[in-house]
Amino acid sequence: MRATPLPDQVLLPRSRWRELGVSTNRLSSYEFVRPLPGLLTPRRAPASFQAVAASLQRTVVPGAVLSHTTAAVLYGVPVPVDADNGVGLLVKLRDPQDGRHRLSLLAPRNDPDAPPLADLCLDGPNHPALELRLPHLHCRIPPGPRAKAGQHVTVHRLTVGRTRRWNGLVLSAPPDLLLELATTLEHDEVVIALDHFLGPHSAFGPTSREAMRQAFEPFRGRPGFRALTSALADAREGAESPGETRTRLLVLRAGFPEPTPNLRVPDPDSGTTRRIDNAYASLLIGVEYDGDIHRSKQAWREEHARRDSLESAGWTLRRLTAADIRRPSRFLSALRRSVLAAGAPAPPVSNWKGATGRALSRPRPRPGPRPRSRPGHGPLAGTPSLPPPPLAAEDL
């Protein structure tokens with residue numbers, strides 16, 4: 001007897017799968033995964049992350065607000081790759097029903113021999129470089145009775161906060177989201193999130209540090225406020241990627257002057273304007289981060305041509321990768337030689353040698369003690385309920 005074909009990228013309750021002719025044995029087999037209690041999706045072509053988040057909010061914990069890293073990835077905010085079982089690694093796939101690209105429950109396979117991903121927006125779920133990943137989700141509800149949502153979800157009982165409706169879902173408003181991240185992520189990761197909202201790739205358009213500071217004032221005295229304002233002091237306008245932010249923080253802590261993020265310079269060959277990730281304009285020195293993404297050949301060729309043109313115009317480009325962020329001695333020594341060659345003073349090599357250099361590569365911890373939490377209820381469980389401040393139009 002031929003097995004019932006499974007629709008792609010859907011999340012259905014067990015009873016609905018049975019109505020479609022899927023046997024109980026199949027539903028209990030490796031062929032299906034259960035991201036939420038009572039809801040199953042095919043392992044081969046799993047549902048979108050948005051579909052799982054919507055079911056959490058509407059069915060599993062009705063009225064919950066999506067929060068923390070769950071809200072962050074839905075807004076497009078970069079989060080650490082090791083956070084919440086790799087939620088920041090999920091890739092976009094085309095939805096078979098409306099054709100739109102949505103985050104799937106698939107992520108790049110952790111395999112150096114896997115075929116490269118030419119593009120992170122794929123049209124099918126069967127790419128050999130992808131693997132299923134069940135990320136950990138977060139939502140918040142007002143203080144009160146406990147609510148359980150399965151092993152893949154943390155339900156936070158938090159002070160009532162501002163919300164924003166986003167693509168049919170209710171999420172923590174951006175200022176509240178940043179406060180949530182400040183209670184759970186390390187300092188540098190919060191700076192990266194702030195840089196995203198200050199930069200051109202934010203879904204809300206770039207904003208200013210002063211606008212952020214005003215948006216955070218209602219949080220004064222709440223857990224996470226101190227960490228958030230500390231991260232804001234290190235955030236800058238103009239950064240376009242986490243790698244650029246990590247690079248800026250690294251060179252500053254090593255003793256170099258602060259570079260200009262994404263400096264625009266004319267390309268002598270194409271007549272267009274190029275950007276340098278972090279630049280010392282007076283020295284004609286640029287610092288560029290090469291992300292560990294699987295680039296297409298065309299993207300690599302365009303990047304090679306851009307750098308060749310800039311170097312022919314007198315720019316010295318120092319490059320680094322994620323390995324250099326972890327072990328920065330080689331890169332920082334090379335940057336020092338370039339700065340000295342340009343006739344400018346440079347910090348001593350002792351700033352990044354030995355234990356000092358290893359300390360530079362570690363994320364700076366949040367200031368203050370970590371907030372207490374109870375299993376399954378998040379770091380701010382039991383915070384007294386207060387009326388939320390109004391969300392003004394200028395609040396991010």
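1. A contact means heavy atoms within 4.5 Å. Where pLDDT is low, the predicted coordinates should not be read in detail.

2. This is a predicted model, in which local features need pLDDT of at least 70 and side-chain atom pairs count only at pLDDT 80 or more, while totals for chains, interfaces and linings use all residues. Residues are numbered from 1 along each chain as its sequence is written, and side-chain values use heavy atoms, with hydrogens and water left out.

3. The protein chain has an average pLDDT of 85, and 85% of the residues score at least 70. Confidence in the chain is lowest in strand S8 (residues 121-122), with a mean of 52, and highest in helix H12 (residues 329-341), at 97. Helices (H or I, at least four residues) and strands (E, at least two) are DSSP runs, numbered from the N terminus.

4. Two strands pair if DSSP finds at least two bridges between them. S2 and strand S3 (residues 39-42) run antiparallel and are joined by three bridges; Pro42 in S3 is the bridge partner of Phe32. Axes are lines fitted to C-alpha atoms, for helices over the stretch in contact, and angles run from 0 to 180 degrees between N-to-C directions.

5. A further open sheet has four strands in the order S14-S15-S16-S17, and its pairing is mixed. S14 and S17 are the edge strands, each pairing on one side only. On average, neighbouring strands of this sheet are turned by 50° against each other, direction ignored.

6. Strand S14 (residues 260-266) and strand S15 (residues 273-280) run antiparallel, joined by six bridges. Thr260 has Ala279 in S15 as its bridge partner, and Pro266 stands opposite Thr273 in S15. The hairpin of S14 and S15 has six residues between the strands, and Gly271 takes a positive phi near 80° in this hairpin.

7. S15 also pairs with strand S16 (residues 285-289), in the antiparallel sense over three bridges. Ala279 stands opposite Gly286 in S16, while the bridge partner of Tyr280 is Ile285. In the hairpin of S15 and S16, with four residues between the strands, Leu284 takes a positive phi near 55°.

8. Five of the five residues of S16 are buried, so this strand is largely enclosed by the rest of the structure. Buried means under 20% relative accessible area, exposed over 50%, and partly exposed in between (1.4 Å probe, protein chains only). Both faces of S16 are covered, with Ile285, Val287 and Tyr289 on one side and Gly286 and Glu288 on the other.

9. S16 pairs with strand S17 (residues 316-320) in the parallel sense over five bridges, and Arg319 in S17 is the bridge partner of Glu288. Helix H10 (residues 297-312) lies across S14, S15, S16 and S17, running at about 140° to S17. H12 lies across S16 and S17, and runs at about 170° to S17.

Technical notes:
pLDDT is the predictor's confidence in each residue, from 0 to 100.
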